[in-house]
Amino acid sequence: MAMGHNPNTITSANSIILFRCPGVYDTWVKLEGYQVDAAASFGDTTVAETLMGVDGKQSIGFVPHEVPVTLNFAANSPSVQVMETVYADFVQNMEVRYCELQITYPSVKRRQNLKGTMVSRSGGTGISRLLDGHSYTFNQVGNGMEDIN
């Protein structure tokens with residue numbers, strides 16, 4: 001294979017994360033004000049299980065799964081209030097709602113759509129040399145990446 005250059009960059013600065021939580025935020029809200037080097041992270045998922053029989057024959061099977069997604073915001077991010085409004089709704093109603101994320105990666109021409117709910121959040125703003133940011137974790141279901149042009 002000849003050496004060359006990939007025409008797509010891997011720039012993350014132009015990525016866009018949209019958030020919607022019907023009943024609280026019925027239209028998409030553009031999230032902003034992320035922590036340094038940590039806007040969003042995805043946990044690992046188990047998509048299959050395998051079993052090996054005593055006769056040496058392997059069996060395989062699909063496992064329905066969730067994708068843990070953590071969003072990380074700087075302490076002064078306007079998006080913290082968006083997340084705290086959703087959290088307050090959950091607490092006030094003692095009920096949760098579906099939350100949706102649409103993450104677009106223009107540099108690699110891909111998009112991801114996910115739906116689930118908020119399952120955890122940081123307890124508050126920590127105080128260190130600078131104010132610590134806030135993290136919110138969602139267990140989401142998606143169909144992987146789609147190409148966009």
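A residue is called buried here when its relative accessible area is under 20%. I begin with that definition, and I note that the model is a predicted one.

**Entry 1. Aromatic rings**

I searched the whole structure for aromatic pairs and found 3. I then looked up Tyr34 and Phe73, whose rings form a stacked pair, with 5.5 Å from centre to centre and 20° between the planes. Tyr34 belongs to the loop between strand S2 (25–30) and strand S3 (40–42), while Phe73 belongs to strand S6 (residues 67–73), so this pair ties together parts that are 39 residues apart in sequence.

Are the two partners buried or exposed? I read a relative accessible area of 25% for Tyr34, which is partly exposed. For Phe73 I read 0%, and Phe73 is buried.

I next followed Phe73 to Tyr136, with which Phe73 forms a tilted aromatic pair. The centres of these rings are 6.1 Å apart and the planes stand at 55°. This pair links distant parts of the chain, since Phe73 is in strand S6 and Tyr136 is in strand S9 (residues 134–147), 63 residues apart. I checked burial for this pair and found both Phe73 and Tyr136 buried. I record Tyr34, Phe73 and Tyr136 as one aromatic cluster.

**Entry 2. Charges over rings**

I looked for charged side chains over ring faces. Lys115 lies over the face of Tyr98, at 4.9 Å from the ring centre. Arg121 lies over the face of Tyr87, at 3.8 Å from the ring centre.

I located Ala75 in the loop between S6 and helix H1 (79–93). Its relative accessible area is 28%, so I list Ala75 as partly exposed.

Which residues does Ala75 contact, leaving aside its neighbours within four places in sequence? I found Thr125, Leu131, Asp132, Gly133 and His134. I also looked up Gly126, which is 51 residues from Ala75 along the chain; the C-alpha atoms of the two are separated by 8.8 Å.

**Entry 3. Cysteines**

How many disulfides does the structure hold? I found 0. I examined Cys21 and found that the closest cysteine sulfur, in Cys99, is 3.6 Å from the sulfur of Cys21. The cut-off for a disulfide is 2.5 Å between sulfur atoms, and the 3.6 Å between Cys21 and Cys99 is therefore too far for a bond. Seen from Cys99, the closest cysteine sulfur is likewise that of Cys21. Cys21 counts as buried, at 0% relative accessibility. Cys99 is also buried, with a relative accessible area of 0%.

**Entry 4. The nonpolar core**

I turned to the largest nonpolar core, which has 22 residues. The residues with the most contacts inside this core are Phe19, Leu31, Leu71, Met83, Leu101 and Phe138. I listed the elements that give two or more residues to the core: strand S1 (16–21), S6, H1, strand S7 (99–105), strand S8 (110–121) and S9. Which element gives the most? I found that H1 does, with 5 residues.

Leaving aside its neighbours within four places in sequence, Leu101 is in contact with Ile17, Leu18, Phe19, Trp28, Val69, Leu71, Gln112, Asn113, Leu114 and Gln140.

Conventions:
Residues numbered from 1 in each chain as written. Predicted model: local features only at pLDDT ≥ 70, side-chain atom pairs only at ≥ 80, totals over all residues. Heavy atoms only, no water. Phe/Tyr/Trp six-rings, centres within 6.5 Å; stacked < 30°, edge-to-face > 60°. Helix = DSSP H or I, 4+ residues; strand = E, 2+ residues; numbered from the N terminus. Buried < 20%, exposed > 50% of the residue type's maximum accessible area, 1.4 Å probe, protein only. Lys NZ or Arg CZ within 6 Å of the ring centre and 35° of its normal. Contact = heavy atoms within 4.5 Å. Core = buried A, V, L, I, M, F, W, Y, C linked by side-chain atoms within 4.5 Å.
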